[in-house]
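Please load the coordinates in your viewer and keep the selection panel open. The stops below say what to select and what to look for.

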2 protein chains.
Amino acid sequence: MMQKVNLGMIGGGTVGSGVFHAWQHNGTLMAARLGVQLGFRKIAVKAFDEPRPYRIPRALMTTHWQEVVHDPEIQIVIELVGGTGIARTMVLAALAQGKTVVTANKALLSAHGPELFAAAAKHGVNLHYEASVCGGIPIIKSLREGFVANQFPAIYGIVNGTCNYILSRMAAEGADFADVLAEAQKLGYAETPPDLDVDGFDAQHKTGILASLAHGFWVRHENIHTEGIRSVSRMDMQFAQQLGYTIKLLGIVKRCQMRGANSAVQVSVYPTLIPNAHVLASVNGVFNACFVRGDVVGDTLFYGRGAGKDATASAVLSDVADAALDLKHGTEVRVPPFVDHARKGRVLPMDEIVSRYYVRLSVVDKPGVLAKISAILAAAKIGISSVVQPEGHEGESVPLILMLHDAPNGAVRKALAKIGQLTAVKAAPVMFRVESFD
Amino acid sequence: MMQKVNLGMIGGGTVGSGVFHAWQHNGTLMAARLGVQLGFRKIAVKAFDEPRPYRIPRALMTTHWQEVVHDPEIQIVIELVGGTGIARTMVLAALAQGKTVVTANKALLSAHGPELFAAAAKHGVNLHYEASVCGGIPIIKSLREGFVANQFPAIYGIVNGTCNYILSRMAAEGADFADVLAEAQKLGYAETPPDLDVDGFDAQHKTGILASLAHGFWVRHENIHTEGIRSVSRMDMQFAQQLGYTIKLLGIVKRCQMRGANSAVQVSVYPTLIPNAHVLASVNGVFNACFVRGDVVGDTLFYGRGAGKDATASAVLSDVADAALDLKHGTEVRVPPFVDHARKGRVLPMDEIVSRYYVRLSVVDKPGVLAKISAILAAAKIGISSVVQPEGHEGESVPLILMLHDAPNGAVRKALAKIGQLTAVKAAPVMFRVESFD
């Protein structure tokens, strides 16, 4: 007789029904692979008749999530409600009941990670979250297990499909942000309101999880410098392309000092110019990718769908499989949590982070302007690597593009503020950072 | 007191010393992550003073591999000897002693997989082999665990770094195979003799392992149609590029019938034209990549260094970590082997496999030649999708490029044999398959 593990799920909408459907389709295969049978016992839904892409049998559904959490037969609870409110209550309640929890909820982990992991530890159970970052890509497993022998000097992630879709279309079509966003909303690739995605918060949640895992201390979301993609204009995309770059929203986790266990780490999210020849530049549309540099393994890339019911279901069920094997063997928490919540690591403030820059100024085309600008940069010890000034008419406002050498963000911020005050400079300077992946 | 697991290693050359070095560097971190201390107890080497990139302490070394296998304190034996002769004896001896074995040896698995896995099962221990395919990329773990909820309609792998290096340089520089090979040998990217790599056998070993894992039955190497890259000429690379393709050596594992547990599978290795826009076309140099299509997760890509002491060490140590956790928890074989050696699956013979084709003929430029060629193809029901004939001088030999629609390999083989016999055709037809990743 094959051992059986009972699953309960909270959330029966798009993703929840996707998980149920994938299990219906491949559950028998999974049992053969694992030597454990997985069975759904109860699925808590908002309403029996809420719209869902795949059918869930009426007999499995309940509208009371407590029935899932308190069912003594259920060993694994899958949380797919989303958000940071009721989901927190549900996950804490399930952990308190001694149930293993599988979640895809990055917002919840970002807001309440330490509390949730402490609760899991207290009750001797595991909290799995593969689906919270990069959808179907097994990036959490790869970092924790596949790359267990590595330190991580740098991780660069395209972790938000909505932003990548918008930026890819802007790059391919020379379109405006607002137009592409509106169409993405029509097509269901962006939500209304789109803030969580386009303002970078979703990417922040995921980048924080990757950073915590890679560096072993909990990175609080307040410490993650985050900029969204609203500031990326068609004009900047075009200038970037002329210079051999494309603009992507990157989650960046980079070790800044190479010595000591508590070396400082850059953890940030912002639109970044990346060279067209780099493999991340080819990641287009709603796809996600994670470029991981391990000190032993070298450079690697993981690529796949970062969202959607099916990709998410694949990741959720891989967590369920791991949890089921743990239950089969009586090893509830097989891989210890990598994150030591007692440990204080140092996240480098943005002003101290060194990078290269793309700067676009709107200047009056008259003699001496470039001299004044370069003087300000020179005084701040910021080097100019190249200048592009499209031909204009004397006395008119023209764009002036500067590519700057490595410099601290704080110094550049201050210099640009000064430059913005020059009378010949007609609009606030636009700045994006440039990543060379050295 | 943290539990300790003792390691023994057979092979102390390039890769072996790489594993030892990575453990020296990150062993403490691994122990913190795993809650298990890993310690090297004995390393069997060919000679104490054989050249190795990293030092191994004299006290750890022995020239008698039996001392590693028979040391009762050693729990995990790492085999890095390579080849299919003495390595087989060593692995079988270690398994018979109840030791967990970690190997990077794809040739050994390809030649003796069923025997070795049966021995592991008999002795209740595990045989790990992450490093055998795609070096540092955790592709075995991702297929078995990350994608446990998926069936695999298609897997395409650039799994041999030497071939990819040669083809990348031929594409970038318009260079000849022989010249690039000679230089690759000088740089240490290709061995002397280079047959195992350039004739496709190394790729065959790895593709067989991926196919077996993906489809649950052991794919014998005799059933893997294998062609190397010696037949790729500078001229074909250039014509391919004109048509929007590049040529890569691909390991292909594709399900050909969608129904039934025993559906037939294509498992093959050959130089393939792939569209420049496809993500695999950007995988250059010694890098490897594996494009995995899961029926739930969709399209994914894994990319990284496929060989070298450090990338291999990362994979070997990830297997060691898994094995150590199994020893810690007393769950020797946690994830059952996916491959059912009793099961007979069907590998489709090459003649039955349907694909598209690039054909280059050397023809005398005179009226009626194309008519004769097209008549032979039409009689075999093979459609022509495009024709390229560079301008020549009447009566002279010129290349004629045909792109053919989907057709079975057998039919195309026979048609090309007939075409080769036409008096106007001056050399044996050159044929490469074209992959469109639909």
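This is a predicted model: local features need pLDDT of at least 70, side-chain atom pairs count only at pLDDT 80 or more; totals for chains, interfaces and linings use all residues.

In which sense do strand S4 (residues 76-79) of chain B and strand S5 (residues 100-103) of chain B pair, and over how many bridges? The pairing is parallel and runs over 4 bridges.

**Stop 1**

Select Ile76(B) and look across to S5(B), where Thr100(B) stands opposite.

**Stop 2: a helix pair in chain B**

Next, select helix H4 (residues 106-122) and helix H9 (residues 201-215) of chain B. Two packed helices are described by the angle between their axes and the distance between the axes. For H4(B) and H9(B) the angle is about 60 degrees and the axes are 9 Å apart. The crossing of H4(B) and H9(B) is left-handed.

Show side chains for the residues that meet. From H4(B) these are Lys106(B), Ala107(B), Leu109(B) and Ser110(B); from H9(B) they are Asp202(B), His205(B), Lys206(B), Gly208(B) and Ile209(B). By class, the contact of H4(B) with H9(B) is made of 3 nonpolar, 3 polar and 3 charged residues.

**Stop 3: strand S16 of chain B**

S10(B) pairs with S16(B) in the parallel sense over 2 bridges, whereas S13(B) and S16(B) run antiparallel and are joined by 5 bridges. Zoom in on Val434(B): Leu273(B) stands opposite this residue, and Val434(B) is also the bridge partner of Arg356(B).

**Stop 4: the domains of chain A**

Move to chain A and colour by domain. The domain assignment gives domain 1 as 3-135 + 309-329, domain 2 as 145-305 and domain 3 as 350-434. Taken over C-alpha atoms, the centres of domain 2 and domain 3 of chain A are 25 Å apart. Their contact takes 14 residues from domain 2 of chain A and 12 residues from domain 3 of chain A.

Which elements of chain A supply at least two residues each to the side of domain 2 that touches domain 3? They are helix H10 (234-242), strand S9 (245-255) and strand S10 (265-275). S10(A) gives the most, with 6 residues. By class, this side of domain 2 of chain A has 9 nonpolar, 4 polar and 1 charged residues.

**Stop 5: backbone details**

Select Thr192(A) and Pro193(A). The peptide bond from Thr192(A) to Pro193(A) is cis, with omega near -5 degrees. Pro193(A) lies in the loop between helix H7 (177-187) and helix H8 (195-198) of chain A. In chain B, a cis peptide bond joins Thr192(B) and Pro193(B), with omega about -5 degrees.

Then go to Lys381(A), which is not a glycine but has a positive phi of about 60 degrees. Lys381(A) sits in the loop between helix H12 (369-379) and strand S14 (384-388) of chain A.

**Stop 6: where chain A touches chain B**

Show both chains. The contact takes 47 residues from chain A and 47 residues from chain B. On the side of chain A, helix H1 (14-34), helix H5 (139-146), strand S12 (298-305) and helix H11 (309-329) each supply at least two residues. The largest share, 10 residues, comes from H11(A). By class, the side of chain A that touches chain B has 23 nonpolar, 16 polar and 8 charged residues.

Now select S12(A) and strand S12 (residues 298-305) of chain B. These two strands run antiparallel and are joined by 3 bridges. One pair to pick out is Tyr303(A), whose bridge partner in S12(B) is Leu301(B).

**Stop 7: the axis**

Finally, superpose the two chains. A rotation of 180 degrees with 0.0 Å of shift along its axis places chain A on chain B, with an RMSD of 0.0 Å. That is the relation of a two-fold axis. To find the axis from chain A, select Phe302(A): its C-alpha is the nearest one in chain A, 2.4 Å from the axis. The same surface serves both copies, as 100% of the contact residues of chain A recur in chain B.

How values were computed
Residues are numbered from 1 along each chain as its sequence is written. Chains are lettered from A and ligands numbered from 1 in the order in which they are written. Domain bounds come from an automatic or database domain assignment. Two residues are in contact if their C-beta atoms, placed from the backbone, lie within 7 Å. Ala, Val, Leu, Ile, Met, Phe, Trp, Tyr, Cys and Pro count as nonpolar, Asp, Glu, Lys and Arg as charged, and the others, Gly among them, as polar. Two strands pair if DSSP finds at least two bridges between them. Copies are superposed by least squares on the C-alpha atoms of residues with pLDDT of at least 70 in both. Axes are lines fitted to C-alpha atoms, for helices over the stretch in contact, and angles run from 0 to 180 degrees between N-to-C directions. A crossing is left-handed if the near helix is turned anticlockwise from the far one by less than a right angle, and right-handed if clockwise.
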